Amino acid sequence: MTITIRTALGPDVVAIDALLRTSFPRADEADLVRRLCIDGDMVLVLVAVDEEAGDLAGMVAFSRMQADAGGKEIAAVALAPVAVAAAYRRQGVAEALIHAGIERLEAERVVLCFVLGEPGFYERFGFHADYARNFTSPYAGEQLMALPVQGGLMPCGVRGEARHASAFARLAAE
Ligand SMILES: CC(C)(COP(=O)(O)OP(=O)(O)OC[C@H]1O[C@@H](n2cnc3c(N)ncnc32)[C@H](O)[C@@H]1OP(=O)(O)O)[C@@H](O)C(=O)NCCC(=O)NCCS
């Protein structure tokens, strides 16, 4: 089996939507991705493709955030969602997608990548609640983690604010 990671393209839209609808119990994640794209807040969507079968094995999305530390704006994104089709799980597909995404964000000079999720899953990539703690956010807590993207370089000890794209708030409100 050969899995290729690449940037998502227009023809991937239907398969991505179907993957998100089957991977999560509710349609929230599929709606989130649609809204982020329409709002112009999507920064990067990567897909994992099974080259032999031609199937979509997984996807990960990163969206623009507004963040500041000590009053100074910093380039920050949110990782959400990540999903891997059931037949392709436990083979490192999500790990490959997230690593590829972080590599791309590093090249794009993103400073912090936030994620809201299971620490047990995300800490293996270097995400930690400690990096998010100094930022006020409606999602603040142990499940709000961040990863310093530029080789660990990040504002230290300064308080700031981290605002997710508005699509997140709209979903939370529904
Ligand atoms: C979570 C998900 C993306 C993992 O995809 P994957 O390709 O199987 O992941 P990888 O093979 O790279 O890594 C698998 C590891 O993640 C762990 N893992 C998966 N889901 C986890 C969770 N919710 N909490 C903690 N660990 C988790 C597995 O136990 C496995 O760990 P191990 O290798 O030490 O046994 C996939 O299970 C999925 O799409 N789930 C439904 C959607 C979802 O929950 N997305 C993430 C929201 S936090």
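Predicted model: local features only at pLDDT ≥ 70, side-chain atom pairs only at ≥ 80, totals over all residues.
**Position of P138**
- The loop between β6 (135-136) and β7 (144-148) contains P138.
- P138 and R104 are 34 residues apart along the chain, and 27 Å separates their C-alpha atoms.

**Nonpolar core**
- The largest nonpolar core comprises 56 residues.
- Those with the most contacts inside this core are M59, A61, A76, V77, C113, F114 and V115.
- Leaving aside residues up to four places away in sequence, F114 touches M65, A76, A78, A132, L144, A146 and A162.

**Ligand shell**
- Around the ligand there are 17 residues, of which R89, A94, E95, G117 and G120 come nearest.
- Two or more residues of this shell are given by each of β4 (72-84), α3 (93-107) and α4 (119-122).
- The element giving the most to the shell is β4, with 4 residues.
- By class, the shell around the ligand holds 8 nonpolar, 5 polar and 4 charged residues.

**Helix pair α1 and α2**
- The axes of helix α1 (residues 13-23) and helix α2 (residues 28-39) cross at roughly 145 degrees and come within 7 Å.
- In this contact, I16, D17, L20 and R21 of α1 meet E29, A30 and V33 of α2.
- The contact of α1 with α2 has 4 nonpolar and 3 charged residues, and no polar ones.

Note on methods: Residues numbered from 1 in each chain as written. Core = buried A, V, L, I, M, F, W, Y, C linked by C-beta atoms within 7 Å. Buried ≥ 20, exposed ≤ 12 C-beta atoms within 10 Å, placed from the backbone. Contact = placed C-beta atoms within 7 Å. Near = placed C-beta within 6 Å. Nonpolar A, V, L, I, M, F, W, Y, C, P; charged D, E, K, R; others polar. Axes fitted to C-alpha atoms, helices over the stretch in contact; angles between N-to-C directions.
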